[in-house]
Amino acid sequence: MRRRFLSVASAFLLTSVTLCPPVRAQLEPPSTGGLVARDRQLRMLGHQKRVLVIGAHPDDEDTDLLTVLVRGMGTEAAYLSLNRGEGGQNLIGPELGEALGLLRTEELLAARRLDGAGQFFTRGYDFGFSKTQDETWLHWPRDTILKDVVRVIRRFRPQIVVSIFSGTPRDGHGQHQAAGWAAREAFRAAGDSSRFPELQREEGLSPWNPVKLYRSTRFDTGATTLSIASGVLDSAVGLSFHQIAMAGRSLHRSQDMGRLQQIGPSVVYLALLEDRTGRGTDGLFAGVDTLLPPGPEPAEQRAHREAAVAATAGVLCDARSDDDRVVPGQVVRLTVECSNSGATPRTVSVRLETGAGVTNDSLAPIRLDLPRGALASRELTIRVADSAPITTPYFSLLSREPAIYDWSRASADDRGAPFEGPVLRAAFRVDDAFTLWREVSFRYNDQASGEVRRPLTVVPRVDVRLDPGTEVWSTVTPASHRFTVTLTHGARDTTEGTVSLQVSRQWPSVPPQRFRFTRENQRVEMVFEVTQPSAMPPGPVDLRAVATDGAGRHYDDGVVTVDYPHIHPRSYRRPAVAVVRASALRLPPLRLVGYVRGASDRVPEALKSVGVPLALLDAQTIERGDLARYDAIIVGPRAYETDSALIEYNGRLLDYARRTGGPALRALTF
């Protein structure tokens, strides 16, 4: 029932137009949004209200506040997260580190599609828990984080800034404290032309002075100076703002954030910290100039007005490709089409927009004439450029310290945005009255779930993956180890060549193996036996898989897609590299060790690789198996959240621990 509600909710809520960085909707069939979307756009007209909320992590945002601001007050609101949550756990899948950051970024965007706010980030990488703000600044360059927050304020130009955190030890996590400090300091620095002048010189971002600074007091209600009701009904959708907010909160599924959608009173608590208006204590926007400036209609107002017209104009448009994973040099067939169920004949000008260097085509505009009740379509072909970049986010982590993403390949407009634009999208300009945007996607029919859409992704001709990605070897007992190289063919023609495993020069050589592909998406797995040298020094060593085709082109990475039903699929490049860590490990005599796998838990594989005789325990074994046969039982991280048998039969594990003594008790706290 919950899944059905969320799909219905997304159908009428994700039609919003957000003017702070564009929040790209989950790939869905075309929809105008109808009267609900029209009502939402009309609320944004006739005034200018802008609020920026600042926190540390993807699930720190106050979704109640964002929902009330946008859906209740017609405010342009956005959430700025200092990082993408890479240091968290993952309750729903194997992604950790950078891949988890992509998942949590998309979960934020899924939540923003419900509350209607925008989303920004700094370059911060979530390096894990820290106890103090000073400890956090050992990993994040303080001025880099501050500059990124100032950049967002100058770009978004909010009148009001709301800090989730206080910047004091009361916030707990050191990154929370850093976010509270950055919000306060950026509030003062954003309007100072002597601070970060390069933002104006290089990116055209002039100084900007917000006029009010608030702090959330949801965990400190005694300091509250302003209360905002969030249990009020949004009459357009028949849900309260709090219900909508909790539906958004529940989209942080990787972090176990599911929430009940309680009806009745609900309150957002804030404290006014700084007020440049001199008379702002009577309400959130008290003392704030929210009147539209005289002169031409501001771009945001025009966009909202056009979106309101589009919501009920009766025009649906779509843009589709005949493939979702394309390689450089490939020819792709596209279909653009529009239908007109309105009372007025329409003329549509279609323009295709592509990422830099993706295609070799000029992509001239296309004209579609739409009489009443008509469907008009056009098929065309484009050629992906030979030099087209492989699809990957604009940000990359060059090293773990400092824990900062590299933005060197990002345009000025992309810096701080969740992601860059799609590989290809279509702009449908209808009668020069409004524009409908569609990301070009590939669609197919799934017999169980119906229509499924996939984004257009540029992939290598030969995708290379090396497993396992991390191994621990004992230098005391050298052994042979197996690695699997998986090759996937991205092209539609024939590719052949060899794949080799590059190891240290001092190691025994590993013979290469041949491959030949004749069709798209063909896949092959090759097992390589690696003999560990007898005199292997402790420390890390890299192994790399490299495929070489007949033309002499080398491939040493692959494209991995983070994909779940509640998010837009997101792809990134991953090097075909395995890290071997050698250590002088000596194991005690062991018969068998039991292991209950936890969330995103690869510890069992690591233990097996160093020779631990290990067996994974399933629900049946936990319920009635002979636990006495195990020397120790290890319960993985957050396993009690992912394995219901642990909770139901926890008494059996505790009895086992009492019978076997200290070692098992220590193992159970892993």
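Predicted model: local features only at pLDDT ≥ 70, side-chain atom pairs only at ≥ 80, totals over all residues.
**Cavities.** I searched the whole structure and got 3 cavities of 30 Å³ or more.

**Aromatic pairs.** My count came to 12. I looked up Trp137 and Trp181: the ring centres are 5.3 Å apart and the planes sit at 75°, over the 60 degrees cut-off, so I logged the pair as edge-to-face. Trp137 belongs to helix H5 and Trp181 to helix H7, 44 residues apart, so to speak distant parts of the chain. Trp137 is buried, at 11% relative accessibility.

Next came Trp473 and Phe483, with centres 6.4 Å apart and planes at 55°, so this one is tilted. Trp473 is in strand S22 and Phe483 in strand S23, so the pair ties together parts 10 residues apart in sequence. Trp473 is buried at 0%, and Phe483 is buried at 0% too.

I also found a cluster joined by ring pairs, with Tyr125, Tyr394, Phe395, Tyr405, Trp407 and Phe419 in it.

**Charges over rings.** Arg123 lies over the face of Trp407, 5.1 Å from the ring centre. For Arg425, the charged end sits over the ring of Trp437, at 3.8 Å from the centre.

**Helix H15.** I checked residues 650-660 and found Leu653, Tyr656 and Ala657 buried. Down the axis they fall within an arc of 100°, so they line one face of the helix. Arg658 and Arg659 are exposed on the other side.

Key:
Residues numbered from 1 in each chain as written. Heavy atoms only, no water. 1 Å grid on protein atoms, 1.4 Å probe; cavity = no way out; pocket = protein on both sides within 12 Å on 5 of 7 lines; lining within 4 Å. Points joined across faces, edges and corners; volume = space filled by probe spheres on them. Buried < 20%, exposed > 50% of the residue type's maximum accessible area, 1.4 Å probe, protein only. Helix = DSSP H or I, 4+ residues; strand = E, 2+ residues; numbered from the N terminus. Arc of directions from axis to C-beta. Phe/Tyr/Trp six-rings, centres within 6.5 Å; stacked < 30°, edge-to-face > 60°. Lys NZ or Arg CZ within 6 Å of the ring centre and 35° of its normal.
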